[in-house]
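This briefing concerns the nonpolar core and the pockets of the model shown below.

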Amino acid sequence: AGMDSRLFHQFHYSGDKYVPAVTDRIDLDLFADLGADELLFEAGDKLSASELKSAFVHKNADAYYNYGPAADSKGIVISYAKPILRGVLDDAAAAVAGNDRAADFRFGHDSGLLPLLSLMHVKGLEEPLPMAKSSDENGAFIFDLMPMGSNLQLIFYRNRNGEVLVRLLKNEREATIPALTAAEGGFYRWQDLRAHFAELLR
């Protein structure tokens with residue numbers, strides 16, 4: 001009641017239900033389930049530290065469940081990334097075989113990239129956590145896992161012996177796959193990486 005009285009001063013009718021009219025701009029996600037969309041504001045002067053923490057815990061857990069490898073989702077969310085990974089494998093195989101393509105690009109949103117990284121078992125996302133523990137001290141923080149402008153690069157090299165090696169970069173920083181042993185200096189053998197991905201697609 002205390003928080004409500006500081007944020008709401010009246011209600012107005014919208015569609016088929018009453019929604020609160022906010023005294024200041026408020027975060028969209030915090031009140032999305034109330035139907036108050038497109039409301040943005042700075043909450044620092046309205047909410048206490050514990051209330052802000054509660055809001056963060058809710059938002060972080062919600063994002064981890066909807067886009068990440070939360071154990072509660074039983075693999076359903078990350079399965080959405082399987083067509084993307086299949087496409088990556090197909091394009092990479094064609095490039096390695098020599099189709100004169102220098103690069104393939106895919107553009108999307110965090111709701112597509114986070115499931116893909118989870119499916120690939122990139123470090124930090126390889127062990128599903130229960131949604132309720134995602135905001136614990138050693139949990140999975142979405143702002144760290146998937147900051148604004150996130151990207152994934154798979155860079156292919158061919159060494160002097162003709163062996164194809166792959167380096168993974170997440171947000172321009174080296175990313176690893178704990179399930180695989182790197183060949184050298186953070187590079188993975190393409191044959192190992194391809195087999196790993198193929199197994200995950202079964």
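**Core and pockets of the predicted model**

The second largest pocket holds about 350 Å³ of space. A pocket is an open set of points on a 1 Å grid over the protein atoms alone, where a 1.4 Å probe fits, with protein on both sides within 12 Å along at least five of seven lines; lining residues have an atom within 4 Å of a point. The model is predicted: local features need pLDDT of at least 70 and side-chain atom pairs pLDDT 80 or more, while totals for chains, interfaces and linings use all residues. Residues are numbered from 1 along each chain as its sequence is written, and side-chain values use heavy atoms, without hydrogens and water.

**Second largest pocket**
- Its lining comprises 15 residues, with K123, D144, L145, K170 and E174 nearest the centre.
- By class, 6 lining residues are nonpolar, 4 polar and 5 charged.

**Largest pocket**
- The volume of the largest pocket is about 1,700 Å³.
- Among its 48 lining residues, R106, L113, S150, N151 and L152 lie nearest the centre.
- This lining consists of 29 nonpolar, 9 polar and 10 charged residues.

**Largest nonpolar core**
- L168, L193 and F197 touch the most other members of this 32-residue core, a nonpolar core being a set of buried Ala, Val, Leu, Ile, Met, Phe, Trp, Tyr and Cys residues joined through side-chain atoms within 4.5 Å; buried means under 20% relative accessible area (1.4 Å probe, protein chains only).
- F197 contacts (heavy atoms within 4.5 Å) L85, L89, M120, L154 and I177, leaving aside residues up to four places away in sequence.

Definitions and conventions
Buried < 20%, exposed > 50% of the residue type's maximum accessible area, 1.4 Å probe, protein only. Points joined across faces, edges and corners; volume = space filled by probe spheres on them. Nonpolar A, V, L, I, M, F, W, Y, C, P; charged D, E, K, R; others polar.
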